[in-house]
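Please read the following report alongside the sequence and the model.

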Amino acid sequence: MSDRVLLDPAAAYPEVTRVRAALAARDWGGVRTVVDAAPPVGRSMLLRYGADGDHLEDFLRYVVATDPADSAAAAMLAMHLIDIGWKVRTGYRANHVSREQFASFHDWLRKAEVVLLDGVARTPADPALWVARITSARGLQLGLAETRRRYQRLAAIDPHHLPGQTQYLQRLCPKWSGSWELLFEWSRDAMKAAPPGGPQALLVAEAHIERWADESPDGRRYVRDPAVRAEIYEAAQRSVLHPEFRRDYGWVQLASTFAMLFCLIDDRDGAAAMFRMLGELGTELPWGYLGDDAPAVIAARRRWALGNGGLR
Amino acid sequence: MITQTEAGGVPVLLAPTTGPTHAGLAFRVGFADEPLARRGITHLTEHLALHSMGVTDYHYNGATGVEFTYFHMQGDEDKIVGFLNGVCASLRDLPMRRLAVEKDVLQAEASGRSPAVAEPMALWRHGARDYGTPAYPEWGLPAITEDELRAWVARYFTRENAVLWVAGDAVPAGLELDLPSGVRHPTPAPSSALPVTPAFFPGSSGLVVWDAMTPRGAKSAIFADVLERVMFRELRQEAGLSYTVQTDYQPIGRDGALVTAVADGLPENQGAVLGGMVDVLAALRAGRVDPADVAAVVTKRVEQFRHAESVGARLPGQALNLLLGRPVEDIEQVIGQSRAVTAADVAEAAAGAWQSGLLMSPVHPEHLGFAAAPSRSETAVHGYAHTSLEEPGHHLIVARGGVSLVQDENVATVRYADCVIARAWPDGARQLVGADGIVVRVEPTLFADGQRAIGAIDAATGPVRVFQPPRAADDIPKPQPRAKRAAAAVPVGGNRALSIFFLVVLWPAVLFFGAIGALLVISLFVDTEDLGATIVALVFCLGVAVAGAFGIRASMRRLRAARA
């Protein structure tokens with residue numbers, strides 16, 4: 001039985017490898033060829049994955065300076081600057097982040113904001129720019145009204161833009177000065193508004209995981225609440241268990257998130273179905289909530305769910 | 001058709017009108033020419049000059065503005081001649097026996113005046129000099145002497161510094177305009193208190209205000225109108241964030257102009273109002289200007305020009321242009337300039353305006369590329385430190401060159417050489433304002449050996465000192481222990497919330513009734529039917545607007561902590 005867990009998005013989406021190769025060759029035309037061929041959600045995700053690379057700032061600034069109308073370059077540059085900032089900040093809760101870390105984090109986000117202001121001014125209908133803007137609004141704590149305005153601008157372009165929705169969802173969590181009421185109301189509405197089999201059930205699933213993590217160490221009691229269980233199953237039926245569910249961009253996150261939820265509510269069969277769908281694929285989040293070594297946590301739960309047969 | 005002629009050595013602009021004859025005599029002097037220590041001297045001159053007109057039912061008035069002062073009269077020729085000759089005679093020999101009374105009248109007028117929405121902008125942009133002084137009350141009034149008034153008139157109210165416009169068939173016979181001779185005074189060069197732009201300062205009300213210095217002309221004016229259209233669409237119609245969305249284009253000096261944009265919003269939405277407004281500015285700057293917006297704006301402007309021409313309303317503006325040394329422009333020329341403006345011109349104007357932008361925002365806009373405007377001094381003077389009797393870490397430092405108030409990291413310094421006013425109360429309190437707008441307020445009762453500091457300050461600030469009436473004993477602060485003050489500070493929070501509520505509620509009312517009132521004033525000139533009903537409605541609207549403005553002013557005063 002293999003215990004291998006592949007967290008790299010390139011394992012799920014081969015286009016990521018092509019984007020990385022083009023970036024490594026400083027071939028922006030090559031990057032555009034790949035991202036322009038993707039659907040809008042895939043494009044935002046590919047730009048985001050590409051932005052995760054190192055030492056891209058000078059190159060991307062050059063691309064933006066030579067063609068300010070290239071909103072893909074502006075979006076990737078902004079996402080890259082946001083990433084640098086977030087690595088300085090770390091993902092810990094605010095009380096574990098030092099003053100200096102926060103100052104540097106905000107500096108990087110402000111650099112991204114300046115890029116995004118001009119990017120949106122030129123190409124207001126590019127959803128990837130608004131995804132980045134929702135992310136930086138949260139980091140800079142620009143307030144709910146401005147973050148909501150940004151989300152509404154994105155929703156006007158694409159009402160089901162998952163990469164922006166998962167960012168906005170974070171802003172609605174109490175840890176980012178939102179509230180459970182806001183979070184659940186919005187994520188349920190977004191799920192119900194989505195087409196059958198669409199990935200927006202992820203938002204309800206993530207909302208429950210955020211609540212579970214917050215209730216920890218009493219999280220078990222929370223997820224075993226019959227109403228919560230029922231809603232988790234409803235969300236799964238609308239997405240990963242729906243006949244219309246497709247392995248489009250974002251599917252790995254869905255299957256991985258529902259796998260964890262089924263583990264949390266001790267539904268071995270449910271979890272097994274998700275792990276079979278995933279094969280060796282996995283995601284850092286939400287499994288990171290169960291331990292620092294996400295691959296080890298995933299492998300252990302997978303062994304539990306699949307029993308001796310495991311992944312063959 | 002406007003024709004140029006001359007009367008009594010004063011240039012005259014003449015244009016036929018369909019309505020009653022009216023005429024105006026304007027001088028190139030206003031608030032921007034006043035040093036802060038004599039703030040109010042032009043307005044006082046205007047009041048004294050009009051006093052001899054007495055109480056009549058003539059349609060006359062006078063007005064003092066930032067750059068101009070004018071006297072206006074509507075009626076038959078005899079009355080116009082009598083009025084303007086009378087004003088000139090009064091200017092030559094002001095009724096000084098009225099001085100004290102008129103100062104009181106002006107103070108009463110000031111307390112009922114509605115503050116302009118963008119008033120703090122001028123102070124933060126220019127400081128406490130030239131184009132910043134209009135943001136201040138008429139603080140110089142108590143100090144103005146008869147000799148100073150005469151000197152002010154001799155300098156500014158002269159033939160060479162005047163222009164007359166007549167909306168009628170000819171210059172009325174018998175008009176003498178017997179004014180002293182002098183020179184034409186150009187407008188002062190606008191100072192800047194902003195080391196870096198785009199800049200911002202924190203506003204405490206329910207408003208986001210942005211302004212920018214632009215070149216004068218059709219491009220900037222049309223940019224302002226396009227900006228209003230786009231802001232209205234995005235902030236009000238689409239996002240539902242703002243009720244009032246307005247822009248304004250105001251010429252400054254001979255070649256400049258100030259474009260101002262205002263958007264209101266509920267306190268909880270101000271971050272989004274700011275974000276939406278800056279997005280609109282950035283879009284125009286980036287060249288995303290809809291030619292349909294430009295065309296709509298140009299069409300509306302052309303209609304306004306044609307209407308204004310038909311009722312002689314272009315005349316005063318052209319007369320003021322002449323005073324600035326600009327050519328008189330005929331209607332077709334002006335219309336042609338507007339029609340020539342393209343979407344690319346508007347984008348260019350927006351890009352230039354962005355660079356000089358100043359933003360007043362309740363929410364910090366640093367992430368959008370705006371630098372904080374200076375609200376304190378970089379350095380303190382080196383001198384004798386008087387320790388605060390309330391906070392041992394706070395000091396009043398008095399030196400040969402100036403005075404500093406040091407409160408932890410907050411330093412306010414006024415150097416005597418740059419001190420534009422020293423307000424002085426009999427109990428010893430002093431308020432010094434530097435040319436950059438920084439304020440040092442000295443309460444001698446709150447510092448060790450405070451009266452000694454007052455002596456040193458007075459010795460250095462004599463020329464700009466303005467004595468104030470005595471304060472009530474209760475208004476003179478007494479040192480309080482820190483704990484007691486903390487307890488006393490609690491109700492202030494409540495007042496602040498109430499003040500913000502008042503501002504949010506009152507602004508729309510004031511703007512609405514003010515706008516209706518303004519339209520009615522215009523209709524008084526244009527349409528004389530139903531005069532009685534119009535005046536009743538006008539009085540009502542202006543009454544509501546003034547009452548609301550009074551409330552806003554009271555709320556603003558409570559809220560305005562910065563720089564005071």
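## Helix α6 of chain B

Helix α6(B) is mostly covered, with 15 of its 21 residues buried, where buried means that 20 or more other C-beta atoms, placed from the backbone, lie within 10 Å of a residue's own, exposed means 12 or fewer, and partly exposed means in between. Helices (H or I, at least four residues) and strands (E, at least two) are DSSP runs, numbered from the N terminus. This is a predicted model, in which local features need pLDDT of at least 70 and side-chain atom pairs count only at pLDDT 80 or more, while totals for chains, interfaces and linings use all residues. Residues are numbered from 1 along each chain as its sequence is written, and chains are lettered from A and ligands numbered from 1 in the order in which they are written.

The 21 residues of α6(B), 218–238, should span 30 Å at 1.5 Å a residue, and the end C-alpha atoms are 28 Å apart, which agrees; the expected span is 1.5 Å times one less than the number of residues. The helix bends by about 25° at B:F232, the bend being the angle between axes fitted to the seven residues ending there and the seven starting there. After α6(B) comes B:G240, which has a positive phi, near 65°.

## A proline in a loop

B:P267 lies in the loop between β10 (256–264) and α7 (270–285) of chain B. B:P267 counts as partly exposed because it has 15 C-beta neighbours inside 10 Å. Although B:P267 and B:P362 are 95 residues apart in sequence, their C-alpha atoms are 8.5 Å apart in space.

## The six-stranded sheet

Chain B has an open sheet of six strands in the order β1-β2-β6-β3-β5-β4, with mixed pairing, where two strands pair if DSSP finds at least two bridges between them. Its edge strands are β1 (3–7) and β4 (59–64) of chain B, each of which pairs on one side only. Strands β2 (residues 10–15) and β6 (residues 162–167) of chain B pair in the parallel sense over four bridges, and B:L14 has B:V166 as its bridge partner in β6(B).

## The contact between chains

The contact takes 19 residues from chain B and 16 residues from chain A, with two residues in contact if their C-beta atoms, placed from the backbone, lie within 7 Å.
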